[in-house]
Each structure stands twice: as structure tokens, then as C-alpha cells.
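Welcome! Here is a short tour of the surface patches and ring pairs of a protein model. Please take a look at it before reading on.

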Amino acid sequence: MPTTEASDSTFRDGSDLHEGKYFNTKKDLKRKLSDIAMKGNFEFQTRKSNRSLWVIECIDPNCSWRLRVSKIVPESTKFVIRKYVGVHCCSLLNRNANHLQATYVVIGEQVAPQYVGVEKGPGPKGIQTFARTNLGAQISYYKAWRGRKHAHTLIRDSRFKYLFLAFGVAIRGFRYMRKVVGIDGTFLKGQYRGVLLVATAQDGNGQCYPLAWGIVDSENEDAWTWFLTQLKEVIGDTDELALISDRAPSIKKVISTVFEKAHHGACAWHVAQNIKNKFKCADIMGSYWSTVNAYRCEDFVGYMTEILHRYPRVAEYLENEVGFEKWSRCHYLGLRYNIMTMNMVESLNSMLVNARDFPYIALLDVIQEKMSKWWNDRRIVAMAITAPLTPSRESEFRPRFAQSNGRHTLQLNPVTYHVKGSELEGVVDIFNKTCTCKEFDIDKLPCVHAIAVAHHAQVSVYSLVSPYYTKEYYMLAYGETIYPVGSQSQWDVPNEVATRVVLPREVKERKRGRPKTSRFPSVGEFRKRKNRCGKCGAYGHYKKKCNSQTGSIERNQPTDVPV
């Protein structure tokens, strides 16, 4: 049906609408009509609306402008214009400065492009000016503010959310590491804040071996799920893998979901801090650590009984709330070797204590430079090793040689031997590399009994050592070089990545006052305060206990403060 021609007393809406025009969704049509109404300086109202039909007309009941659209077919989401009269005959007196179609949603959609590719877009007052100049609508400050929030929501997919970094050199070198990975997070203190996540192994020399890094908004379930999913892609998921973390609920739940085959363990140090904080019993720590490090279940029961008699609530906490298999060496279900804490992760956090203030790119540069230096330095050390094992394992291994002297060894069958000569005897299977003392089984490093058997059977004791502790594996782990990223002009970036706009993360405004530079103490961690004497000015005692014969010090008198 042709539209009515405009005369001197009428005007057209200036759009390209016509009968038979299609729209993919009703939302697209509404957005189009709102834009037409604001630019054409008229308003419309809904006469009838349901899921398959929409009828609108000019707000002036005497005006002829109207539109009727409906679905192509009931099952479709597409709408088509069935009837359209695009000529207005309404009076100028019906024009409203506070436009009916100038909703915060429409305003947000109009200004959203102004926030793409910039660090900070227009504020509410700038949006008011934009609406008045470009849309002919007077909007309130509150509506402009809501429009700005809606624009941020529309472009949220373009904002930075998560980052994952793993060097191929480190991932390939992980083949020569014990499959024990510690994971933790530390807060960033730069402009956009966030949390730095890290996953690290431990090399055969007992040094941390960073595998992957991540930057997320906070330590929540979604962030850990994303990070661990990326980590699983690069290191895999096997029954040999052990993941060690603190007891944060967000980590504990996600690990079992993402890594279905790997075993999860708790950091024994964090468990100890929780005990001190919850039960105020620091004097039990000696028995606790003996329980943690016990190789045999018989020894574990003895130490646990002592804890049960002294602090029943602690024993109940360790057994039921934490679980023996999470923190105890002898009850762990997987292969954890001698790695009972997350010291390897904490050392990385300490290394980056100053870099945590840096912008993200600068922080990543620090990580790359530090890892490049480590790989080079450790490669030099590995090449200079003359012993079969790494330096730390060799130093741990040699005292056992002396202790194995004088042991009586009795062969029981071709591979099994009975070793006597101390309070703890041992039955060693040199084929399966096991001993009843369990040190050989868990650490994969020959115990005193196994060394005695090797001497008796004239077998090289180094053949019983796990290859993860050898010089060869140590060299292979650091055999490749980590190169710098280089100048941005030299990057080979795919076009679909280069053209993608990523905006900074939207962060909350900082609280007033000087930002804190020192970290908050962990659970169970206490910092001793240095007491200064008001009489002599020395630190470590009070005025009442001062033995000095000098008079009181002046408050403004400078004194040396102990470090």
C-alpha cells in the first residue's frame, strides 16, 4: 500500500521504512524506530503489542502516522512491516523536549561507540550534551548516568577480563619434572588491580619451576575454573599429577571439576596456620609437623594420638574437616614426593613484591626477564655438575651412605632383601624400588636400607634414584632458551587479533587515603611489635623494666631504629 504524500501542513518522518521491509528481531525494529522518532522530532506510543504483533501510532491522536508489524510466521523471530503511513499531520505544540523514546537503553546504545578504543569515554554531562545536540532530547543527569552504565554493559565483552601466559620452553621442560604443581594467587596493586595466579613445579634441585601465569579480576570460582582449564590444556591431566594449594573453597571445588584424574593436596603450612588461628595452640606444632612428615602409618598414629589427647578438637579438625589424605605424607593418595608445602609458590610471590605495582605489560616483562635469567643461570650450573645427581640431592644423598655402613643384609629372594642393624629394620624390593620404611616409596630416593642392599648386591645405587633427580634431567629441563618478546614492530600478529579492540578493566574507585604498601598477614601469621623504652630509647623492653641509669629521652630526639 503506498504511503500518503506530504503536503504543506504535513511532513514525512524522513526514514527509509516501507511496507514489506524485514527486521531480524523486534528489538532491532524498536531500536530503529526510536532513532527515527528522536531525529524526526516526534513521539509514538504503543497501541497493541504481543509476541507476534506490534502496532504503534503517533502520540497525537489526530495524526495519521502509524505502523503495524507482525511475524513472518508464528515460529519465526523475524518481523515484517504490514502497514505503514509515514506522513505526520500533528501540531508542533505536541513536541516534547523530554522525549518519550529517549530511554536510557536507547541513549546507551547511541553513545556506546564512544567508549570503544579509549580509556575513558564521556561522563553523564557529556552524554546530556550529546543527546541534546544529536538527538534533540533533553535528558536528566540520572538518565545520562544510566545510559553510560548501559553503554559499559554493551561493550563489556571488549574489556580485559582474563590473561593466561605459559612459555613453551617451560611446558616442554615439565616432562623432566616431578608431576607436583603448586597453585596460588597474589593481589596486584597497580591501577587496574586484579589477582596474579601462578602454577609452578619444583625441579630436581629443589628450585621453583614456573609453568603458567594468569591475571584475573579476583580469586573466585569462575576465574579459577578458567585458569585451571587453560593449565590443563598445556600440562594435561594424569593420575601421576598432584595439585597443591591452600584450602580456599574456590580452588578446592574447581580442581576436582577440571582435573578429573589428578590428585589434590593441601599445603601443610597453611593447615598449620589455620590450626593456630582457630584453636590458639601453637605449642602443638611440633607434634603436628611430625605427623605431617611421617612416612609410615604406624608413626603417624603415634603422633596423632598425642594430638588427640592434648587437643581433641584439633584432631577432629585434621581428620574430618581437612582429611588425612590432603595433608599427611603417608595417607596421600597420589605421588607427592617430599613436597608438603607451597614454598615454591610463595617464593615467586616474594620475587614479584615490587613488580605487583606495575601495569600488566610491565609485570609480564619482569616475569619474562626473570625466567630468562633463571633458565640461563641454571643451565650453566647444570653443565658444571660432575656428580650423577643435582647438587641438593647429592648433598642429601651422601649422609645416607655413611648411615648404611655396618648394616646386616639378608637376601630373601632374587629381588627382596632384609636389612637390619638399627632400631628400624627394612625389607627392600630393588625391582619395584620399595622399602617397608616407605621413604624409598614416597621420595623415590634410596633410603638407608636400599643403599645397604645396593652395596650387598653390587648394584649401582644411582640406578635406584628417580631420573627426576639426575643431572641429565636437570639439563634437559633448562636446555632451551627463553627469548625476549622484542619490539612490537617485529610481532607477527594475525589480523583478526590485531584488529580486535580490548579496553581496560573497569575498576572501582580507590578508597581515600594513601594506598597500603605492606601486605596483610596471612591467617595465623603474627607480626611482633618492637617495644621502645620511654626512658632510654632502646627497643625490646618497657620503661618499667629498664635498667638504664640515664634520664628520660626527648620525644623528638633521633634514635636508631632496628631493622
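## Rings that pair

Rings of Phe, Tyr and Trp (its six-membered ring) count as a pair if their centres lie within 6.5 Å; planes under 30 degrees apart are called stacked, those over 60 edge-to-face, and the rest tilted. By that rule, the structure holds 23 aromatic pairs. The model you see is a predicted one, in which local features need pLDDT of at least 70 and side-chain atom pairs count only at pLDDT 80 or more, while totals for chains, interfaces and linings use all residues. Residues are numbered from 1 along each chain as its sequence is written, and side-chain values use heavy atoms, leaving out hydrogens and water.

## Two pairs to find

Start with Tyr176 and Tyr473, an edge-to-face pair with 5.2 Å centre to centre and 85° between the planes. Tyr176 sits in the loop between helix H5 (168-173) and strand S9 (180-187) and Tyr473 in helix H18, so this pair ties together parts that are 297 residues apart in sequence. Helices (H or I, at least four residues) and strands (E, at least two) are DSSP runs, numbered from the N terminus. Tyr176 is buried at 18% relative accessibility, whereas Tyr473 is partly exposed at 25%. Here, buried means under 20% relative accessible area, exposed means over 50%, and partly exposed is in between (1.4 Å probe, protein chains only).

Next come Phe397 and Tyr462: their ring centres are 5.8 Å apart and their planes at 55°, so the pair is tilted. This pair also links distant parts of the chain, with Phe397 in helix H15 (residues 391-404) and Tyr462 in the loop between helix H17 (448-457) and H18, 65 residues apart. Phe397 is buried at 0% relative accessibility, and Tyr462 is partly exposed at 26%.

## A cluster of rings

Which residues do ring pairs link into a cluster? They are Tyr162, Phe164, Trp224, Trp226 and Phe227.

## Patches on the surface

Patches are made of residues with over 30% relative accessible area and no salt bridge; like charges are joined within 9 Å, and nonpolar side chains (Val, Leu, Ile, Met, Phe, Trp, Tyr) within 5 Å. A salt bridge is a side-chain nitrogen of Lys or Arg within 4 Å of a carboxyl oxygen of Asp or Glu.

Val485, Trp491, Val493 and Val497 make a nonpolar surface patch of about 360 Å². Val485 lies in the loop between helix H18 (471-477) and helix H19 (495-498), and is exposed at 54% relative accessible area. Elsewhere, Arg47, Lys48, Arg68 and Lys83 gather in a surface patch of positive charge. Arg68 belongs to strand S5 (residues 66-71) and is partly exposed at 39% relative accessibility.

Key. Areas by Shrake-Rupley, 256 points an atom, 1.4 Å probe, with all protein chains shown as cover. Lys, Arg positive; Asp, Glu negative; His and termini not counted. Charge placed at Lys NZ, Arg CZ, Asp CG, Glu CD.
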